[in-house]
Amino acid sequence: MTELAALFHGFSIALAPHNLLLMTIGIVLGVLIGVLPGLGGANGVAILLPLTFTLEPVSAIILLSCIYWGALFGGAITSILFNIPGEPWSVATTFDGYPLAQRGRAAEALTAAFTSSFLGAFAAILVITFVSPLVAGFALKFGPAEFFAVMFLAFASFIGLSSAAPFKTMAAMLVGFLLAGVGLDTVTGQLRGTFGSTELMRGFHFLVVVIGLFGISEILQSIEEGLSFKGRDGRIDLKAVVRTWAEMLKHKAIILRSALIGCWMGITPAGATPASFMSYGVAKRLSPHGAEFGRGRIEGVIAPETAAHAAGTSALLPMLALGIPGSPTAAVLLGGLIMWGLQPGPMLFVEQKDFVWGLIASMYLGNVVGFLIVLVAVPWFAAILRIPFPIIAALILVVCAIGAYTVNNAAFDIVLMLIFGVLGYVMKKLDYPLAPLVLALVLGDRTEQSFRQALLMSEGSFTIFFANPLVASIMIAGFVMLFWPLVARLRSRRTGGARAAAQAP
Amino acid sequence: MPQFAGGGSGISQKLMELLLALLFAAGGVLAIVEGQRLGNGWDFDGPQAGYFPFWIGILLVAASLVNFLNALRRNRDGQLFVSWQRLFLVLQVLVPAVIYGVAIFYVGIYVASAALVLWFMRGLGGFSLRQAVPVAAALVLLAFFVFEIWFLVPLPKGPVEQALGF
């Protein structure tokens with residue numbers, strides 16, 4: 001098994017003392033970010049990215065990916081203890097987690113959440129370890145047309161799988177593409193969309209946009225909802241841990257199913273949030289105690305947490321193997337790769353073995369470290385929310401501003417960040433999804449380039465996108481995804497009509 | 001969705017839907033114009049620089065049009081985007097944030113940040129100056145040491161830092 005040999009080599013990199021230290025720092029920072037409203041995985045990583053340039057790429061990605069794992073863990077703490085989802089993917093955890101905490105079973109709910117997060121992530125890492133080299137090997141045969149087709153499929157699946165209105169998803173995505181195009185055109189050297197502004201010559205950096213869209217908008221939303229933090233005691237003792245583990249053994253099937261849902265939704269770019277809701281819904285429907293969900297069933301914590309973590313982790317698979325991220329945070333990490341001078345895509349597995357396998361090994365270790373840290377340190381993390389919100393809000397604003405500034409050392413970017421903050425706030429409230437915008441912004445240049453290269457090869461003929469069975473089948477899959485909402489709507493109208501007819505006396 | 005407690009009036013959801021669709025459509029139109037200027041046709045060596053933005057712009061205008069019509073058609077019985085009461089809360093954060101962003105150009109990030117923390121703690125949190133000043137000072141000093149000295153990342157500075165010799 002070449003994968004195992006490579007993985008062990010990866011462990012030797014990840015186990016280096018300075019990498020272990022970065023891992024721990026990353027997890028602690030990540031949990032903090034996950035606990036604080038207004039700072040999430042995507043913009044937490046975005047803010048810290050410019051500080052990682054002095055590190056080696058593999059150390060940098062270990063630090064940043066551990067922040068991501070930490071944020072995934074952290075979201076559960078506030079959901080269960082405060083009924084405030086620190087992250088969108090932990091909304092489903094509040095449904096049963098908070099009622100459990102209200103009944104004095106917070107320790108069990110937290111243990112169940114952390115354990116199932118850990119198991120979900122572990123399943124996803126196993127998938128990454130063994131599947132991504134295959135995908136990458138396969139993708140090595142890709143030319144520009146195939147790459148464009150894969151991007152097309154990724155974006156089309158966004159439209160097809162998103163819970164938002166398809167045209168809203170589409171609009172958000174297209175705005176991302178347009179923003180990506182601003183600045184210097186790398187092919188012809190022309191300036192595009194700058195309208196004479198020297199500040200716009202740099203283009204819209206995705207980090208600035210992410211910090212605004214996710215960070216600033218979150219503060220605005222938090223203040224609007226008038227947060228009052230009334231938390232439950234979150235101490236976990238060993239007895240509760242053992243008792244919860246014993247109980248979780250009974251729910252093996254739910255864990256396995258949720259992990260599968262999560263892995264699937266993470267690899268296709270649906271993301272952790274829909275995965276957690278879907279897994280919760282399935283667990284509720286299939287459970288004999290379905291009616292008691294929402295009033296404090298432990299399964300209601302296990303299912304969404306397993307799926308969210310599995311999805312969040314497996315979102316890195318397409319990022320590593322194809323250079324197409326499965327989630328906004330993965331998109332930010334991908335942007336990091338480019339900034340560190342690495343070329344994302346299948347060649348990573350050939351040219352940057354140390355980097356890839358160091359990262360994969362760090363996923364195993366990072367999740368073990370994270371699991372232990374959160375189990376021990378929950379009360380301290382929960383205490384952070386007792387800091388008055390005005391201080392937290394001011395602090396987050398300052399951190400976001402510094403983060404936006406350091407990307408290009410440009411104060412103008414702070415203004416841009418605020419503008420995107422307002423835009424993000426409005427978009428969120430109108431149910432426009434933000435993830436497609438970020439993904440299109442990160443991938444816009446590469447999508448356009450592969451599109452132009454492909455057309456260059458075919459001398460302008462679109463038949464190149466259907467020239468061989470491989471590219472044609474990817475394109476067709478993309479079109480199926482694109483028109484899926486339409487098909488689903490027609491079908492539901494028909495069956496809905498049939499049902500109404502059947503119900504009529 | 002959380003219930004809109006109190007404050008019956010505000011900005012309607014429909015108005016915001018329409019405005020955002022118009023904003024995106026305007027962005028699409030800009031892209032079309034820009035794409036036309038750069039050339040949206042075919043050069044001897046492939047698509048011109050304006051080709052991609054041009055078509056993305058057309059798609060964006062089309063998608064926004066659908067969103068606009070959807071919003072127009074849907075009757076949401078005056079569902080609120082935000083009530084005036086809540087908008088006031090949001091503005092309490094947003095207005096200082098904008099002033100903060102502009103102030104950074106003139107006084108640098110450290111002084112502006114200290115002022116922001118002070119303002120938030122006094123105005124929103126109701127802390128006394130004796131509580132707020134130490135917190136603001138501590139945060140700014142911490143930021144200074146972390147960024148300027150530890151990570152060697154220079155942040156924008158103003159006259160105060162210059163007077164201190166940085």
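**Notebook: chains A and B of a predicted model**

Residues are numbered from 1 along each chain as its sequence is written, and chains are lettered from A and ligands numbered from 1 in the order in which they are written.

**Around Phe206(A)**

I placed Phe206(A) in helix α9 of chain A (helices are DSSP runs of H or I with at least four residues, strands are runs of E with at least two, and both are numbered from the N terminus). Leaving out residues up to four places away in sequence, I listed Gly335(A), Val438(A), Leu441(A) and Val442(A) as what Phe206(A) touches (two residues are in contact if their C-beta atoms, placed from the backbone, lie within 7 Å). Between Phe206(A) and Val438(A) I noted 232 residues in sequence but 7.0 Å in space, C-alpha to C-alpha.

**Helix α9 of chain A against helix α3 of chain B**

I then followed α9(A), residues 206–224, to α3(B), residues 84–124, and found that their axes come within 8 Å and cross at roughly 140° (axes are lines fitted to C-alpha atoms, for helices over the stretch in contact, and angles run from 0 to 180 degrees between N-to-C directions). That angle makes α9(A) oblique to α3(B) (under 35 degrees counts as roughly parallel, over 145 as roughly antiparallel, 65 to 115 as roughly perpendicular, and the rest as oblique). For the residues that make this contact, I wrote down Ile219(A), Leu220(A), Ile223(A) and Glu224(A) from α9(A), and Arg86(B), Leu89(B), Val90(B), Val93(B) and Leu94(B) from α3(B). Sorted by class, they are 7 nonpolar, no polar and 2 charged residues (Ala, Val, Leu, Ile, Met, Phe, Trp, Tyr, Cys and Pro count as nonpolar, Asp, Glu, Lys and Arg as charged, and the others, Gly among them, as polar).

**The whole interface**

For the two chains together, I recorded 47 residues of chain A in contact with 53 residues of chain B. On the side of chain A that touches chain B, two or more residues come from each of α8 (166–181), α9, α18 (389–408), α19 (412–429) and α20 (435–457), and α18(A) gives the largest share, 11 residues. By class, I have this side of chain A as 32 nonpolar, 7 polar and 8 charged residues.

**Two loops of chain A**

I checked Asn409(A), in the loop between α18 and α19 of chain A, and found its phi near 50°, a positive value in a residue other than glycine. Asp431(A), which I located in the loop between α19 and α20 of chain A, has a phi near 65°, also positive in a residue other than glycine. Asn409(A) counts as exposed because it has 12 C-beta neighbours inside 10 Å, and Asp431(A) counts as exposed with 12 such neighbours.

**Chain B**

Of its 166 residues, I have 32% as buried.

Key:
This is a predicted model: local features need pLDDT of at least 70, side-chain atom pairs count only at pLDDT 80 or more; totals for chains, interfaces and linings use all residues. A residue is buried if 20 or more other C-beta atoms lie within 10 Å of its own, exposed if 12 or fewer, and partly exposed in between; C-beta atoms are placed from the backbone.
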